[in-house]
Structure formats: C-alpha cells, structure tokens
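User: I'd like to learn how to read a protein fold. Can you walk me through it, starting with contacts?

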Amino acid sequence: MRYVGQPIDRLDGVAKTTGAARFSAEYPYPNLAYAALVHATIARGRITRIDTGTARKTPGVLAVITHGNAPEMKPAPKPNQFDMSTLAAATSVNYLNTDEVYWNGQPVAVVVAETLDVAREAAYLIEVEYAEYPAAVDFAAEEGNARPQKSTMLSEADGRKGDAEAALADAPFALDLRYTTAQVNHNAIEPHSTTAYWDGDHLILHEGSQNVAWVRDHLAIRFDLPKQNVRVISPFVGGAFGGKSFVWPGTVLTALAAKVTGRPVRMMLTREGVFRTVGGRTPSIQRVAIGAQLDGSMTALIHTSVCQVGRTGGWSEQVTSVSRHLYDAANIQVQQNLVGMDLLANTIMRAPGESIGSFALEATVDELAYELGLDPIELRARNEPARNPLDGKAFSHRLLMECFEEGAKEFGWAGRPQEPGSMRDGRWLIGMGVAAAYHPAWRFPANLTVRLSDDGTVLIRCGLHEMGMGSATAVSQIAADALCVPMAAVTVAYGDTALPDTTTAGASSQTASVTASLLAACAKLDRAVFTLARKTPGSPLRGLRRADVTARDGGLYNGSRGESYHDILRRAGRASVEARVGADTRLGEIADQVRSMSKFLLDRRRWVKAACGAQFCEVLVDSDTGETRISRWLGVFDVGRVVNAKTAASQLRGGIVMGIGLALTEETLVDPRNGRIVNASLSEYHVPVHADIPVIDVRYLDDPDPTMPLGVVGIGEVGVTGVAGAVANAVFHATGKRIRDLPITLDKLL
Amino acid sequence: MRVNVIVNGEAMTADDVWEGESLLYALRERLGLPGAKNACEQGECGSCTVYLDGIPVCACLVAIGQAEGRSVVTVEGLADGESLDEVQRAFVECGAVQCGFCTPGLIVQAHSLIASTSGVPEDAEIREALAGNLCRCTGYEKILDAVRLAAARKAAL
Ligand code: FES
Ligand code: FES
C-alpha cells in the first residue's frame with residue numbers, strides 16, 4: 001500500500017489555515033437575519049405570562065416567537081432501535097409548541113432581528129413568569145431513586161457470571177469502593193450554529209453535524225416534509241465529541257425562525273447558550289468491588305453505576321462496559337442504574353461510559369495492587385483474560401499486555417519506588433500512575449459511490465462527517481490504494497445530505513464503516529472497468545482474464561500489455577464508470593438495513609472487538625497548595641491499523657488532553673436548588689490549555705485487526721479512556737491520598 | 001455610525017453600525033471575513049485573534065468604534081496570494097490542524113510570537129504565549145511542533 005499508513009497532510013489543511021473553510025455560521029446569504037434565544041430560568045413548570053411588547057418594538061426586530069404564536073410543529077418521534085434516525089431527537093420537547101418547561105435553560109422564545117446585537121438585546125427585554133412545579137435537580141440527592149437500566153441491542157446495561165457478592169465476601173483480599181465523577185461538557189471550540197433558509201417548501205440548513213442524515217430526517221418529521229425536501233450541508237465541523245450527534249433545540253428553532261420570517265436566519269449560540277441547550281456527559285456514582293487471592297487473581301469483580309437522564313431524553317452511558325472485558329475475574333457482576341432528573345438531556349461525549357467507568361475500575365485495580373504489594377502492571381498481567389471474561393467470546397485482536405510492556409519500558413516504569421510519597425523535587429511531590437484504556441469497536445452500514453472519469457480522476461460521494469479527525473483524507477488514501485491511482489486524482493465529496501447517506505460519526509466507527517463500503521465499491525468498480533476493457537474492440541486487455549491483470553499506476557496491465565483508466569474509458573466511449581454501495585430505493589434501503597443489522601448482530605455474537613492501550617502518567621503535586629501538574633505522559637495503543645499516522649496521533653493526544661480535563665479541571669456545576677448551570681462559560685469551566693499540558697508521547701502497535709475492514713479499529717475515543725484513572729493513581733503515588741471523586745481539584749488534596 | 005477600517009491592507013467601510021458592536025462581528029458579518037472565529041465572546045478562547053495595528057487582540061473584545069481608522073490583519077491576510085505564510089505551512093505539515101476552528105486565532109497568535117522572538121522560542125515560552133488559545137482537538141503537541149518549525153524556517157530566511 002502506497003498511501004495507507006503514511007503521515008499524509010490533511011486535505012483541508014490549507015482551507016483551514018487560511019480562513020477559507022466555511023463553517024455553518026459562515027455561509028453568506030443576502031437578507032440574512034439573526035436569531036437569539038430566551039432561556040427558561042426554572043427547572044420545571046409552566047409559563048403563565050410572557051411579555052414580548054418591548055422586545056417587539058425594538059427597532060430592527062423582525063419577529064418574536066413564543067409558544068403563543070409559533071407555527072405548529074410535529075412532535076419528535078418515539079425512539080425505536082430499528083430506525084436509528086428516530087434516535088436523533090436530543091429531547092422529546094416540542095419547542096415553543098408547549099407552555100411547559102422541562103429544564104432550566106429550555107428555550108422559551110426566539111427573537112429574530114436584522115443584527116445579532118439587536119436580537120440579543122430584545123431577548124433580554126422579554127419577561128416571563130412561571131408557575132413552578134417541584135423538580136428533581138440535585139443528582140447526589142436523587143441517588144436512591146435510581147432504577148436498573150435495561151439492556152438494548154446497542155448497549156448492555158447488566159451482566160453476571162457466577163455469584164460475585166458471595167465470592168467477594170469469601171475473598172482473602174477485598175476492596176469495595178465508591179467513586180463519583182462530575183458532569184462535564186464537550187465544549188467543542190465551535191459553538192453550535194445553524195444557518196437555515198426556506199426555498200418554498202424546501203429547507204436548506206448549514207449545520208455542524210456528526211450525522212447529517214439524522215438532522216435531515218428529524219427536521220423532515222418536525223416540519224412535515226418529505227425527506228428529500230430537506231438538505232443539510234456540513235462539510236466543516238468545528239469539533240463535536242458527541243455533542244453534535246443529535247438534534248438540539250437551536251437547530252429546530254433556526255428552521256422555525258426562518259419559516260416565520262421568510263428570511264434566511266442564522267443562529268450562533270453563545271457559549272452559555274450551548275451549555276443551556278446542548279447536554280453534556282452525565283455525572284456518575286460508581287461502586288467497584290474486587291475480591292482477590294493472595295497471588296492477585298481476581299475472584300470477584302462488581303461494578304455498578306448510577307447516572308442521570310433528563311426526563312425528556314438522555315443517553316444512558318455504558319459505564320460498566322470496561323468491567324465486562326478487562327479482567328479475568330471468576331465471578332462478575334455489572335449493573336447500570338439510571339435516575340430521571342428535571343434537567344437538560346445528557347448526551348454522548350467521547351467514549352461515553354468507558355471514559356468514566358475506566359476511572360473507577362482502574363483506580364480500584366491500582367489500590368488492590370498496593371494492598372497486595374504487587375506492581376500494578378504485574379497485577380493486570382495476572383488477570384489478563386484469554387477470552388472475554390463475562391461470556392467467553394473470542395477477542396478478535398487484543399494486545400493490551402503488549403501495550404503495557406512497551407509503555408513500561410519507554411516510561412521507565414520499573415525504576416520507580418512503589419512506596420507512595422517517596423519521590424520529591426523540592427516542594428513538588430512526584431508520582432507515577434498507570435491505567436488501561438479500552439473502547440469497543442463498532443461498524444455500521446455506509447452508502448457511497450465511487451466514480452472513475454475518463455480523465456483518470458476518481459470521485460467518492462459519501463455523506464461522511466469531518467469534525468477534525470481527518471476522515472476525508474483517510475478515505476482518499478484508502479481509495480487511492482484500492483484503485484492504484486495517485487491520491488491527487490481522488491476527490492471526496494462529504495458532509496452533505498445530497499450525497500449517499502453514510503453513517504454517524506460516532507462510537508469511533510466512521511472510518512471502519514466507510515472503509516468496508518469503500519473497498520466493496522472499489523472492487524465493483526474494478527470489475528466494471530475490467531469488463532469494459534475486455535469487451536472493447538482494440539483494447540490491449542481484450543480476451544484476458546481478471547486474474548491475469550493487475551491494477552497499477554492508474555490503469556490495468558498484464559506485464560507491459562494494458563492501458564490507463566483514461567485510455568480504457570476513452571476507447572470504450574465512456575465518460576465515467578460508477579460503482580455504488582447501498583440501495584437508492586426505500587425498499588432496498590430497508591432490505592440493506594435488515595441485512596447489515598443481522599450481520600452486525602452475528603458479528604457481535606462471535607467476537608469482542610476493541611481498541612485498547614496503556615496510559616502512563618507522571619504528576620507533580622505541590623506539597624503546600626495541592627496544585628497538580630501533569631509532567632509526563634505516554635500512551636501506547638492497540639488500535640488496529642493506523643490509516644494516517646499524522647491525524648491518528650492527534651486524535652489520541654486530543655483524547656488524552658480531554659481525559660486530563662476530566663481528571664483535574666472540568667466540572668459543570670449545577671445549582672442543586674434550581675437546576676441552573678452556574679459556570680456556563682469558558683472562564684468558569686476550565687478546559688486544559690497549552691500551558692497545562694506536557695509533551696504527550698503517543699505510540700501505537702499498528703497491528704491490523706483481522707476481523708475489521710483493512711484492520712481498522714477506530715481511534716477517536718480510546719485516547720480518553722483510562723486517563724483519569726492513570727492521573728488518580730499517580731496522585732496517590734505522589735501523595736499517598738486516594739481521591740475517588742473527579743475532578744481532583746486542589747481542595748481535595750489539602 | 002460609518003466605520004472605516006483598513007483590513008488586510010484594504011480600506012473598508014460599513015454603514016449603520018452601532019459603535020458598540022464587536023470588531024469580530026463586523027469582520028465576520030459585515031466585511032465578509034469569517035476567518036477569525038467566534039467561540040466565547042469573552043476573551044477566553046483566542047479563536048478570534050487578529051492584529052490591530054500590529055498587536056494581537058481578541059477581536060471579540062474590541063468595539064468596532066475603537067477600531068475606527070486603524071489597521072486590522074486577519075488570518076485571511078497572512079498568505080501572499082497562493083503562497084502560504086510559514087506559520088500556515090507549518091501548521092498543515094505538522095498536523096497541527098484538526099477541526100480547524102481554533103486554527104486561525106492560533107496562527108495569528110503564533111505569527112506574532114515568532115515575529116517578536118529572535119530564533120526559535122523555548123517550549124515554555126510557546127506554551128505560555130499560546131495559553132490563551134484553546135484547542136479541544138489536537139492535544140497541543142503538534143501545534144508546538146508547528147511553531148518551532150515555522151520559527152526555524154523564518155529564522156533561516
Ligand atoms: S471569541 Fe474572542 S476570545 Fe473567544
Ligand atoms: S483543531 Fe479543533 S479546536 Fe483546535
């Protein structure tokens with residue numbers, strides 16, 4: 001392979017460094033109007049009065065839309081596992097079609113004006129009165145109301161092997177610990193923005209999205225339109241991390257505002273607006289209990305969790321998923337629980353479940369190692385399973401211990417004294433910690449077409465999403481190799497519902513999903529072109545069998561006999577040849593979905609597939625102030641085949657930095673009295689900055705997974721897993737203090 | 001008011017502008033220059049960084065009235081036609097760009113750091129200088145690589 005695996009510059013690099021890339025709030029439209037939201041200030045209740053008089057009279061205001069005058073919209077569809085697009089609704093609220101308030105921050109009015117400043121000013125002038133209902137908004141206080149979560153096809157919420165409680169009670173060594181993690185928010189640097197425009201009964205929307213087809217389908221339902229009347233355009237997405245997977249109120253309300261005013265409308269949420277209308281990662285309370293023999297072999301592993309969901313929606317995170325896969329305990333019990341809250345729906349955020357679940361599990365394993373006087377890596381090695389511990393399924397590929405071994409060598413792990421508090425540099429206490437990273441691999445159906453033109457160029461049309469991962473670049477590399485053409489000959493059209501529906505950019509699945517279809521389409525195309533050449537009079541390939549011919553240098557050849565794609569198509573009088581994966585009829589689509597779903601389930605029954613890795617961290621803790629700094633980081637990963645070494649490393653690093661934020665600084669604070677987020681800004685919510693982050697060394701074993709297309713496993717999420725565990729373990733090694741509540745802020749260390 | 005600003009060397013005007021409107025908004029919504037990004041509007045993220053009379057500022061914190069008659073350079077003004085500035089080139093080559101939303105602000109800030117240092121700045125200096133430019137994607141490492149590379153290339157010129 002000429003391109004796959006190489007550190008190739010991303011194709012959109014120039015557009016992004018020169019300011020030429022157009023994000024969703026940057027499409028110019030004549031006569032553009034601007035929209036601003038008014039947010040509810042109570043958690044639960046009903047609007048009793050809404051005074052928009054002064055706002056309406058403000059010069060420049062075009063419309064003030066409330067539940068009193070908004071056009072009717074259809075409600076969000078009920079979620080249905082078999083039609084994934086029904087999952088697109090972030091909440092079930094029919095915005096501005098109801099006087100009920102379900103969370104503090106819910107939009108209760110939209111102002112549309114000639115400029116953004118006028119829209120915002122008028123929004124401030126709207127007065128709303130409410131009748132308040134009792135509301136559950138304090139997560140800590142609601143723990144007792146949690147109920148067991150049900151398993152679904154996509155997410156397993158419980159599981160057991162043997163009797164873990166009894167084994168725990170009998171174990172010579174046992175730990176039974178409680179952890180909490182705070183709510184955190186994605187804070188992609190691009191705030192959610194929408195530009196919407198109606199052309200008769202066609203809706204055109206510019207929206208940074210991780211799933212343009214979902215946005216299209218959802219808006220079609222809400223505005224009662226045929227799907228093909230809605231077009232969603234999203235070639236550039238300014239970061240997402242899960243926060244742009246579902247359809248949040250701003251998107252729907254921008255389309256509504258454009259409809260009411262008959263103008264193109266742009267809504268750019270403020271950072272506060274994002275906090276109030278786009279959910280974050282649920283907080284969690286977790287129990288991890290491990291029983292072990294004197295040699296460290298685990299006899300019992302129990303992992304349970306309590307997370308929240310909003311009463312109008314919310315994603316249930318697979319917090320205990322890591323405990324299904326990581327350790328070969330004789331008895332295992334996992335159970336996730338959920339409590340409904342009168343808060344904004346939480347949503348998926350980078351490695352939902354594994355990021356916080358791995359914190360609790362990996363901190364407990366570390367604690368057990370210290371209790372037993374074993375090296376934490378040695379303890380892991382003694383419990384490394386040959387098959388999936390919970391159900392005995394085979395691993396398709398797993399080099400977890402190899403990651404630990406290489407990491408330990410590189411990081412100088414063996415040289416550290418195991419005694420906590422034993423390393424010091426002046427006032428800085430030094431500690432080293434380690435943890436496992438783990439994220440399941442997924443693959444979903446993806447449609448696309450590949451077209452070869454008579455000028456030798458290749459066009460891939462595919463509604464994939466590019467939030468920064470380098471997907472389009474990776475797809476070009478793979479296609480160029482598959483067809484043996486130069487990468488410069490390949491163009492990828494993406495991020496648009498005018499293209500074939502691809503798949504969601506989530507669960508680190510996009511590259512694997514698209515790769516499978518792309519390879520299939522390229523093979524089809526190759527056959528079509530060869531058949532064409534074979535049949536064309538005068539062709540040097542006439543009469544040959546495919547097996548006699550190799551594709552190389554942008555053509556098909558048998559030794560020196562053969563010709564370029566350009567010549568093949570010209571000779572045959574064809575302007576282009578196209579291959580397609582995925583049906584273009586509704587019936588065909590349904591058949592495709594059923595087929596791929598059953599394939600998916602069959603695959604899941606046979607294999608456990610995942611990316612994994614070892615996170616190594618060194619911290620410095622100020623002995624006087626408790627300030628914690630990360631001084632060194634090494635992550636060694638098993639992520640199957642790496643398609644682009646340049647973009648892959650940054651994906652992993654970005655994940656690690658997000659994990660450091662989760663561990664040390666990030667926390668969305670919800671007022672326990674009224675459910676209002678009190679730190680809805682980047683000045684009060686602290687994402688790690690340049691000066692917080694040391695050199696982060698990232699390596700991968702680059703060993704393809706035999707059961708995945710091209711061996712690709714997915715790389716976007718595994719980086720964040722294990723990070724908080726490694727930090728907490730390093731903090732213990734530095735200070736002798738076990739901090740079991742994230743984030744590890746300095747007050748907890750004093 | 002009518003505002004007159006020299007943007008990327010070109011005299012530009014906009015009419016009927018409220019003088020309290022931000023320079024960022026005026027650039028993006030009135031002058032057709034959406035390169036500088038809007039991500040917090042409170043001087044926290046650096047996405048909106050532009051030069052104002054040669055000094056990098058958060059355009060979200062500058063009222064357009066304050067920019068009257070002054071010179072602004074945005075990310076769109078750094079390349080020389082088709083030929084990228086060294087900083088832009090280095091960002092692409094080093095893989096310092098992911099989603100690209102923080103990139104324009106970072107490039108202007110890095111450009112200014114390199115212009116004001118002789119030779120290649122120390123790592124600590126770079127981290128400090130760029131601490132006001134948040135990036136949620138890259139993990140920062142490659143941005144440092146890019147700044148070092150661009151500085152080295154500029155120093156060699
Ligand atoms: S938008 Fe100006 S600093 Fe964030
Ligand atoms: S590249 Fe996405 S925020 Fe920096």
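Analyst: Two residues are in contact if their C-beta atoms, placed from the backbone, lie within 7 Å. In chain A, among contacts between residues at least 6 apart in sequence, 81% join residues at least 24 apart. A word on the source: this is a predicted model, where local features need pLDDT of at least 70, side-chain atom pairs count only at pLDDT 80 or more, and totals for chains, interfaces and linings use all residues. Residues are numbered from 1 along each chain as its sequence is written, with chains lettered from A and ligands numbered from 1 in the order in which they are written.

User: How much of chain A is buried?

Analyst: A residue counts as buried if 20 or more other C-beta atoms lie within 10 Å of its own. Here that's 59% of the 750 residues in chain A.

User: Which residues have the most contacts inside the largest nonpolar core?

Analyst: Such a core is a set of buried Ala, Val, Leu, Ile, Met, Phe, Trp, Tyr and Cys residues joined through C-beta atoms within 7 Å. The largest has 305 residues, and A:Val111, A:Ala479 and A:Val727 have the most contacts inside it. Beyond its neighbours within four places in sequence, A:Val727 touches several residues, including A:Cys617, A:Ile660 and A:Leu664.

User: How many residues of chain A are in contact with chain B?

Analyst: 46 residues of chain A meet 46 residues of chain B. Helix 17 of chain A gives the largest share of chain A's side, 7 residues. Helices are DSSP runs (H or I, at least four residues), numbered from the N terminus.

Technical notes:
A residue is buried if 20 or more other C-beta atoms lie within 10 Å of its own, exposed if 12 or fewer, and partly exposed in between; C-beta atoms are placed from the backbone. Helices (H or I, at least four residues) and strands (E, at least two) are DSSP runs, numbered from the N terminus.
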